[in-house]
Amino acid sequence: MSDTLSAPPPALELVDATRVFTRRGGLFKKAGKAVRAVDGVSLTIRAGETLGLVGESGSGKSTLGRLALRLVEPTSGRLLVDGRDVTGVSKAEMQAMRRDIQMVFQDPYGSLDPRVTIGQSIAEPLKVHGLWDGDGPQKVAGVMSLVGLDPSRADRYPHQFSGGQRQRIGIARALTLDPKILVLDEPVSALDVSIQAQIINLLQRIQRERGLSYLFIAHDLAVVRHVSHRIAVMYLGKVVEMAERDNLYRRPLHPYTVSLLAAVPIADVRMRNRRRTSVTMGEIGSATNVPPGCRFHPRCYRARLVAAAGGVPTERSGDALLPRACLIDQPELRACGGADQVACHFPETPETRSEVATAVLQDIGYPPIRPIPL
Amino acid sequence: MRYFRHPGFLIGVILLTLLLIVAVAAPWIAPMSPLETDLANTLAPPSAAHLLGTDQFGRDVLSRLIWGTRISLQVAVAVMALSLSLGMVIGAVAGFFGGWVERVTVSIIDILLAFPGFLLALALVAARGSSLETVIIAVALAFTPRVAAVMRAVVLTIKPRTYVEASRAIGMGTMRLLFLHVVPNSLPPVIVVATVSAATAILAEAGLSFLGLGVQPPAPTWGNVIADGQSFLASNPLISLSAGICIAVMVVALNLLGDGLRDTLDPQMRRSSGRVL
């Protein structure tokens with residue numbers, strides 16, 4: 001905390017952000033149960049950094065991305081952009097904030113208005129912010145070239161482009177205002193694998209050239225590995241692990257992270273054939289009915305192993321024997337091994353690593369990762 | 001022009017253009033006055049002087065039909081403009097903003113839709129007395145909830161599209177978003193409903209006139225001509241029949257136009273090589 005005065009403020013900071021969705025009751029239907037889509041998440045993204053945000057469908061990661069833009073208003077918590085608190089600011093200030101933080105959407109087909117030419121789409125942010133002037137067309141041509149689109153095609157319609165090209169259009173549109181932060185909501189999930197690599201390379205090049213910060217949302221650990229400096233793993237609205245990229249893959253702390261790693265596809269056939277471990281987890285729990293204690297306990301292999309090994313107070317839950325702590329206490333995110341954080345009563349530290357985690361790590365091996373300069 | 005590659009649209013436009021020319025040029029192309037009676041020559045069969053014969057007052061049926069085109073087109077255009085503009089705004093606001101605005105609007109629409117449109121029009125004409133304006137207002141009011149209901153339904157399908165959220169993400173205001181992206185993308189189905197409603201409006205005007213509640217005789221409208229001819233259906237079927245054919249032609253033309261617009265307004269259907277007007 002002592003260096004906060006000298007160090008530049010983080011590009012984006014979420015403090016204890018919470019978003020609860022409720023379905024209002026009508027004349028004949030009861031009010032729906034509250035869904036805590038994002039439940040007290042704090043995170044920071046430094047300037048020029050990529051924070052990977054990983055979780056299954058329903059973990060609240062997309063809602064968190066939208067909270068960062070205030071596309072979804074937080075129920076509680078604070079949002080700071082460049083050290084400025086923008087939680088409750090007026091419309092005009094919001095407008096200014098939107099110039100600094102932009103978003104790229106998952107669906108390259110749906111994120112462009114089919115009746116508007118791509119040139120107009122890319123120019124739209126400038127017009128909305130009253131920045132359209134004589135240089136406008138040049139700016140549009142500039143970002144189009146930057147993302148690898150031919151500026152002479154500005155007068156075409158979205159349906160005349162392929163999925164990968166449309167994602168480039170989406171990126172160009174997000175870049176027109178020259179923002180400092182991009183929220184990338186599964187930007188390559190809808191694309192062919194060969195196109196995914198192109199888009200990721202493009203995003204990394206832009207980050208280097210413009211010093212952008214990325215919040216990169218993904219549903220598995222395969223893609224974020226190549227782009228992230230740090231990775232946050234979300235489960236049912238909470239961050240359960242936050243670690244430096246390499247640490248997360250070499251010594252995952254949370255059993256959920258281990259389970260996700262066990263599901264990472266392995267491209268190398270020899271490596272894949274040697275894979276022994278799969279961690280079956282069943283479906284993600286329901287956010288309307290979050291289990292007490294640790295919300296991961298119904299699916300956690302580690303809790304069962306710890307309980308079976310003895311030495312901790314245990315309790316029956318259904319047909320499983322689990323440590324009492326997992327059933328009662330909700331673990332908070334705490335430091336575990338340097339700067340990495342984990343929310344688990346029995347994290348997989350190198351000293352206490354379970355045979356499951358060891359096997360998973362052997363399976364995925366340590367394929368070399370291209371270093372990304374910060 | 002891509003529109004004219006659509007055969008239905010082309011036929012619709014040609015027919016409507018012809019009807020429009022007839023309506024505008026009525027004073028010059030009508031062989032005689034539509035009101036001039038000739039009691040010596042009533043219910044005459046078709047002849048060189050009266051191509052479609054005369055009615056029971058000896059008025060030239062062809063001239064009455066030509067002048068009637070004016071009133072029918074006026075009704076169609078006015079009803080379409082009124083119900084479309086009102087219905088679209090109401091439906092778009094209800095669908096887009098949701099909440100209590102939507103609930104109140106939808107309830108009112110449902111109540112209005114529960115009345116048969118024709119009865120609603122009848123009631124209004126009965127209350128206000130019959131005139132061209134009353135007929136237009138009555139039919140437009142009957143159609144507005146229909147347009148609004150369709151508009152709301154379409155807006156509800158547009159609202160969750162990613163490009164709407166993407167527009168919010170760049171900081172676009174709600175009104176701008178509604179009228180720049182949501183409404184234009186909702187237009188095709190609503191325009192189809194509107195052209196159909198114009199066709200039905202012509203039928204409604206004819207129906208009201210037939211009942212004596214529309215434009216008052218002796219004004220030449222197609223509905224009045226049918227009403228005049230009904231007593232003589234057995235002996236002189238041509239009077240009612242020719243007016244009926246006029247109505248049918250205009251209704252078909254409007255429906256073809258609606259279908260053509262629906263098909264060509266969809267950008268995916270545009271087959272031109274890139275640049276589109």
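**Conventions.** I worked from a predicted model, in which local features need pLDDT of at least 70 and side-chain atom pairs count only at pLDDT 80 or more, while totals for chains, interfaces and linings use all residues. Residues are numbered from 1 along each chain as its sequence is written, chains are lettered from A and ligands numbered from 1 in the order in which they are written, and side-chain values use heavy atoms, with hydrogens and water left out.

**Entry 1, the sheet of chain A.** I began with the strands, taking helices (H or I, at least four residues) and strands (E, at least two) as DSSP runs numbered from the N terminus, and counting two strands as paired if DSSP finds at least two bridges between them. In chain A, 8 strands form an open sheet of mixed pairing, in the order E6-E7-E8-E3-E9-E10-E14-E13. Its edges are strand E6 (101–104) and strand E13 (334–335) of chain A, each of which pairs on one side only. Helix H2 (residues 91–100) of chain A packs on this sheet, touching E6 and strand E7 (181–185) of chain A, and its direction makes about 60 degrees with that of E6(A); contact here means heavy atoms within 4.5 Å. I also found helix H5 (residues 163–175) of chain A lying across E6 and E7 of chain A, at about 175 degrees to E6(A); axes are lines fitted to C-alpha atoms, for helices over the stretch in contact, and angles run from 0 to 180 degrees between N-to-C directions.

**Entry 2, strand E10(A).** Strand E9 (residues 230–235) of chain A runs antiparallel to strand E10 (residues 238–244) of chain A, and 6 bridges join them. I noted that Tyr235(A) has Lys238(A) as its bridge partner, and that Val233(A) has Glu241(A). The hairpin has 2 residues between the strands, and Leu236(A) takes a positive phi near 45 degrees there. E10(A) also pairs with strand E14 (residues 341–342) of chain A, in the antiparallel sense over 2 bridges, with Met242(A) opposite Gln341(A). Of the 7 residues in E10(A), 6 are buried, where buried means under 20% relative accessible area, exposed over 50% and partly exposed in between (1.4 Å probe, protein chains only).

I searched the whole structure and noted 24 salt bridges over all chains, each a side-chain nitrogen of Lys or Arg within 4 Å of a carboxyl oxygen of Asp or Glu. One of them joins Glu124(A) and Arg173(A) at 2.4 Å, N to O. In chain B, Asp228(B) forms a salt bridge with Arg64(B), the closest N and O atoms being 3.7 Å apart. Asp228(B) counts as buried because its relative accessibility is 14%, and Arg64(B) because its value is 1%. Asp55(B), Arg59(B), Arg64(B) and Asp228(B) are linked in a network.

Helix H8 (residues 174–210) and helix H10 (residues 237–265) of chain B pack at about 175 degrees, with their axes 8 Å apart. They are therefore roughly antiparallel, the term for angles over 145 degrees. Among the residues that meet are Ile191(B) and Leu203(B) in H8(B), and Met250(B) and Leu261(B) in H10(B).

Definitions and conventions
Angles under 35 degrees count as roughly parallel, over 145 as roughly antiparallel, 65 to 115 as roughly perpendicular and the rest as oblique.
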